[in-house]
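Please have a look at the structure first, and then follow the notes below.

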Amino acid sequence: MTKYAFVTGANKGIGYEIVHHLAEKGYQVFLGARNKELGEKAVQALGFSNVSFIQIDLTDTQSIQNSLEEILKETDQLDLLINNAGISHNHQSQPSELDLKTLRQVFEVNFFGTFQIIQTFLPLVKKAQRGKIVNVTTDMASQTMFDNGQTAPINALGYNSSKTGVNSLTLAFGKEFGNKGPEIFGVTPGFTTTDLNGNAPGGKTTAEAAQIITEYALSETNYNGKILDKNGIIPW
Ligand SMILES: NC(=O)c1ccc[n+]([C@@H]2O[C@H](COP(=O)([O-])OP(=O)(O)OC[C@H]3O[C@@H](n4cnc5c(N)ncnc54)[C@H](OP(=O)(O)O)[C@@H]3O)[C@@H](O)[C@H]2O)c1
């Protein structure tokens with residue numbers, strides 16, 4: 001039976017490679033991108049017949065609704081929903097220097113956008129035999145790890161706290177699902193060299209990062225309500 005996956009923010013970076021991995025595994029993959037041209041270009045560059053483009057902008061409720069309608073034309077069940085799309089902001093600015101507009105923008109995409117997608121696609125994930133929602137997060141959003149100095153010492157309040165919010169979504173929806181519903185969990189790929197961090201050197205490749213995420217997404221183990229890094233469960 002055909003398995004379906006929807007990956008947001010997949011025209012480039014880690015999301016693009018997640019689509020690549022899942023397409024190789026035989027999934028019918030919807031490659032989500034907010035920009036039609038970039039999304040279609042990415043589908044073309046991948047060159048798989050089982051990948052198609054879906055327009056989705058996390059800041060636009062109508063666009064999220066339209067993406068649902070597009071996907072419903074093909075399937076009413078989604079085995080994997082991978083909430084990968086996200087934005088950062090100037091990592092150098094200290095909390096005292098962060099402006100409210102930037103903070104709101106980051107939350108609009110990372111937190112409110114992800115929340116809307118989860119609610120919108122939940123009926124489809126519930127229909128799959130073992131539907132999973134994977135929220136791409138960061139270890140800097142773990143209050144414990146950040147406080148303990150176990151993460152990069154980047155005090156990016158907007159980015160970090162919006163992802164802490166995403167972790168709260170993981171926990172809250174995970175509690176609702178319990179152990180008999182769909183699964184929802186968060187995965188951090190760890191530092192990866194992408195546009196998100198201005199292609200800062202020394203990070204993982206996007207293929208390495210995607211591998212960490214897809215391994216959990218395809219795992220037999222139930223990680224409902226947990227956040228994970230490449231070594232396993234991490235603290236909140
Ligand atoms: N890179 C790292 O070190 C690292 C570490 C931990 C977690 N992560 C997480 O990994 C995920 C992927 O990031 P990345 O590093 O691959 O960054 P990236 O290359 O900048 O990719 C981000 C993707 O999100 C999309 N996006 C941004 N705003 C959007 C919106 N409003 N609606 C829909 N899509 C939107 C971007 O589209 P456009 O091309 O149109 O902007 C792009 O496709 C993010 O959630 C990030 O927080 C990254």
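A cavity is defined on a 1 Å grid over the protein atoms alone, as a set of points where a 1.4 Å probe fits but cannot get out. A pocket, in turn, is an open set with protein on both sides within 12 Å along at least five of seven lines, and lining residues have an atom within 4 Å of a point. This is a predicted model, in which local features need pLDDT of at least 70, side-chain atom pairs count only at pLDDT 80 or more, and totals for chains, interfaces and linings use all residues. Residues are numbered from 1 along each chain as its sequence is written, and side-chain values use heavy atoms, with hydrogens and water left out.

- N83, A85, N110, T114, N135, V136, K163 and V166 line the largest cavity.
- At least two of the lining residues come from each of α4 (100-127), β5 (132-136) and α6; helices (H or I, at least four residues) and strands (E, at least two) are DSSP runs, numbered from the N terminus.
- Sorted by class, this lining holds 3 nonpolar, 4 polar and 1 charged residues, where Ala, Val, Leu, Ile, Met, Phe, Trp, Tyr, Cys and Pro count as nonpolar, Asp, Glu, Lys and Arg as charged, and the others, Gly among them, as polar.

**The largest pocket**

- The largest pocket has a volume of about 1,100 Å³.
- It is lined by 43 residues, and N84, G86, I87, T194 and L196 are the closest to its centre.
- Two or more lining residues come from each of α1, β2 (28-33), α4 and α6, with α1 giving the most, 3 residues.
- The lining has 16 nonpolar, 21 polar and 6 charged residues.

**The ligand**

- The ligand takes up the space of the largest pocket (more than half of its atoms lie within 2 Å of the grid points).
- Around the ligand are 30 residues, the closest being N11, R34, N84, Y159 and T194; a residue counts if one of its heavy atoms lies within 4 Å.
- This shell has 12 nonpolar, 13 polar and 5 charged residues.
- The side chain of T194 has an N or O atom 2.6 Å from an oxygen atom of the ligand, and a polar side-chain atom of D57 is 3.0 Å from a ligand nitrogen atom.
- L196 places a backbone N or O atom 3.5 Å from a ligand oxygen atom.
- Taken alone, the ligand exposes 900 Å², and the protein buries 94% of that (Shrake-Rupley method, 1.4 Å probe).

**The second largest pocket**

- The second largest pocket holds about 260 Å³ of space.
- Its lining has 14 residues, of which K3, Y27, D79, R130 and K132 are the closest to its centre.
- By class, the lining of the second largest pocket has 5 nonpolar, 4 polar and 5 charged residues.

Definitions and conventions. Polar contact = N/O pair within 3.5 Å; in protein donor to acceptor, adjacent residues only side chain to side chain. Points joined across faces, edges and corners; volume = space filled by probe spheres on them.
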